[in-house]
Amino acid sequence: MIAAFARLAARRCAPPRTLAILALSALALAWSTRSSPLGLDLGARDALARRELWSTFTLLSAALLAHAAASLSYDWRRRDADAFGGAPRARAAVALASWLGAWCAACALGVAAALVSEARPAGPSLAREVGRSALAASALAQDELRLRAELSAPRAARSVELELGLVPTDVFAEVELCARRGAESRCVGRRLSARSTVRVELPPGEGRIELTLRRRAGGALVFLARDQAVWFGSAIPARWVSALVWLHYALALAALLALAFALGTRLPPVLAAASALSLALPAWLGEHELWSALAPGGGLFAALEAVGRGAAPAPPSAEQCVSSLALTALALALAARGLESWRTTR
Amino acid sequence: MARHDSQAPALEVRGLMQAFPRGFWLREERVLHGVELTLAPGEFLGLVGPNGSGKSTFLRVLAGVDRPRAGSVRVHGEELASRAARARIGFLPDDSPYPPELGARATLELCGAFQRLPRAQRRERAEHWLERVGLAHAAQLELAKFSRGMLRRLGLAAALLHEPDLILLDEPTAGLDAQGFEVFRQVLDQARARGATLIVSSHLLTDLQQRCDRLAVMLDGRIAALGAPLELLGELGAQARVDLVLEGASEAQLSALQTHASSLGLTVRGVEFSQPNLLELYRQLRARERA
């Protein structure tokens with residue numbers, strides 16, 4: 001590995017103009033989320049501000065850094081190869097150093113985003129998402145008991161949350177969500193006047209959980225807005241939320257930057273960056289469960305969605321780590337080959 | 001470095017071919033056509049040729065920057081593809097392609113890193129060469145702010161940083177001022193003194209004529225002529241024009257000179273020295289090839 005070349009790559013990927021664009025964007029977001037015209041409470045406002053900052057930062061930095069990574073290949077083809085290409089270093093070392101520099105720049109920018117995101121008074125602790133279970137999508141709580149589901153809870157789960165929708169045949173509906181495990185049960189009641197989430201603590205112990213949802217009062221129809229029950233573990237300090245998002249971000253950018261760099265050995269930087277983003281964005285934003293679970297960066301926007309709901313996201317899964325590493329390694333192998341042969345075998 | 005295998009030539013090039021894709025259909029266009037060359041250790045080869053004759057491509061292939069399509073290159077008996085061979089080569093490319101974001105010292109240290117020099121040695125040699133080529137005062141300055149001459153000096157330092165045995169310099173004097181020329185001459189003399197082999201490409205014959213052991217003329221991707229400079233230039237024969245510039249000669253002496261020249265069938269026409277005409281040499285070689 002050529003550490004000095006990695007430092008140069010990092011410097012090329014985060015030049016002052018990129019830093020200025022990101023700083024301006026962070027300032028604009030910080031200003032726009034100072035007050036809440038909707039009258040949201042502090043926790044909800046905090047969660048939305050955090051999600052907005054990370055979403056904007058992710059998309060903006062991904063585009064800028066993908067272009068910068070693709071430009072590293074272009075710089076090599078145009079200039080660096082003549083200066084350093086004859087030295088006794090394998091092209092694989094050049095590719096690795098370039099990618100590592102770009103990725104370190106991305107990680108450092110991510111740390112800056114996390115610091116900006118958490119530079120406000122600490123909010124309450126947030127429960128950490130530990131898993132999801134499928135539910136029947138057609139369940140409806142109209143009068144009495146309308147939903148009963150028996151689910152297998154993850155070992156670390158401490159509470160479960162349902163997202164409910166409302167058909168406004170009346171101004172409100174009062175619902176009760178109960179979780180029963182063996183002889184013990186926990187219930188929580190909520191008055192709903194719009195789509196919202198209801199979370200109930202799980203009774204202690206192990207074994208399957210029986211969920212029941214019933215409408216106790218009000219005329220509005222309540223339905224399951226999401227066909228999933230979300231499990232939450234123990235709470236973590238709110239400031240750690242950005243650290244978890246950063247893990248997803250770093251993993252997603254690792255594969256994206258390697259891809260952009262590899263494509264840059266064959267295409268002009270703008271085309272290479274656009275191609276890499278067109279491959280990455282469907283994986284990041286797509287709703288397909290398997291794709292989101294396996295694709296590099298597939299968990300990033302699911303994590304941001306959890307942040308927006310006021311929860312701490314689950315850390316990246318082992319599958320996501322493996323797929324990101326595999327794609328990164330493959331892209332770097334292609335990049336090394338591209339750097340080796342760009343002037344002779346096209 | 002100068003660890004020569006006395007049996008092996010410093011450079012052995014056999015049947016070297018290079019081609020690049022051109023145009024919409026990426027049709028291959030040959031740039032080098034079976035170049036053959038052998039250099040003894042410590043030899044100094046001057047490489048001349050008109051624009052587009054393949055000099056820079058030839059040097060890039062010899063430096064290991066580009067892989068050739070066919071043929072072989074051996075440096076002191078080792079295949080060019082090997083790390084050991086590449087570590088013995090120093091290359092100054094023709095357009096100073098060094099990172100404009102870096103300072104001079106950082107660039108030399110980066111070159112040292114690519115040459116696998118230990119960190120301490122990189123620093124020490126970077127300092128030494130900055131001093132040597134007269135850039136110590138600009139060690140921290142970004143290369144984007146360097147003049148062309150300063151970049152050539154830096155390139156010279158980068159090419160010689162690891163004390164290579166085979167030094168390839170592409171247009172080293174382009175953009176150099178008088179002081180730069182002096183530095184260049186000193187550095188070359190020093191490299192020759194430690195036994196390094198040199199190939200220097202230039203459009204200025206005066207750069208090469210007095211220093212190189214042999215002169216190679218490249219035309220259309222081939223070495224069209226190879227030999228001692230005076231031998232090659234002697235091939236110009238009757239077409240050669242020599243202007244003698246004499247200082248402090250009396251009229252009587254000049255008159256005697258003219259008489260002597262006339263007796264030899266020559267005419268003395270001017271008082272300034274003009275360098276041998278390369279263009280004329282190229283033209284003659286082309287005509288000979290066609291014939």
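Modeller: Helix α6 of chain A covers residues 269–285, and its 17 residues reach 24 Å from first C-alpha to last, close to the 24 Å expected at 1.5 Å a residue (the expected span being 1.5 Å times one less than the number of residues). Helices here are DSSP runs of H or I, at least four residues long, and strands are runs of E, at least two long, numbered from the N terminus. Buried residues (under 20% relative accessible area, 1.4 Å probe, protein chains only) in α6(A) include Ala273(A), Ala276(A), Leu277(A), Ala280(A) and Trp284(A).

The model is predicted: local features need pLDDT of at least 70, side-chain atom pairs count only at pLDDT 80 or more, and totals for chains, interfaces and linings use all residues. Residues are numbered from 1 along each chain as its sequence is written, chains are lettered from A and ligands numbered from 1 in the order in which they are written, and side-chain values use heavy atoms, without hydrogens and water.

As for the interface, 30 residues of chain B contact 27 residues of chain A (heavy atoms within 4.5 Å). Three salt bridges link chain B and chain A (a side-chain nitrogen of Lys or Arg within 4 Å of a carboxyl oxygen of Asp or Glu). One of them joins Asp82(A) and Arg60(B) at 3.9 Å, N to O. On the side of chain B that touches chain A, β1 (11–22), α1 (55–63), α2 (83–86) and α3 (104–114) of chain B each supply at least two residues. Helix α3(B) gives the most, with four residues.

Notes
Buried < 20%, exposed > 50% of the residue type's maximum accessible area, 1.4 Å probe, protein only.
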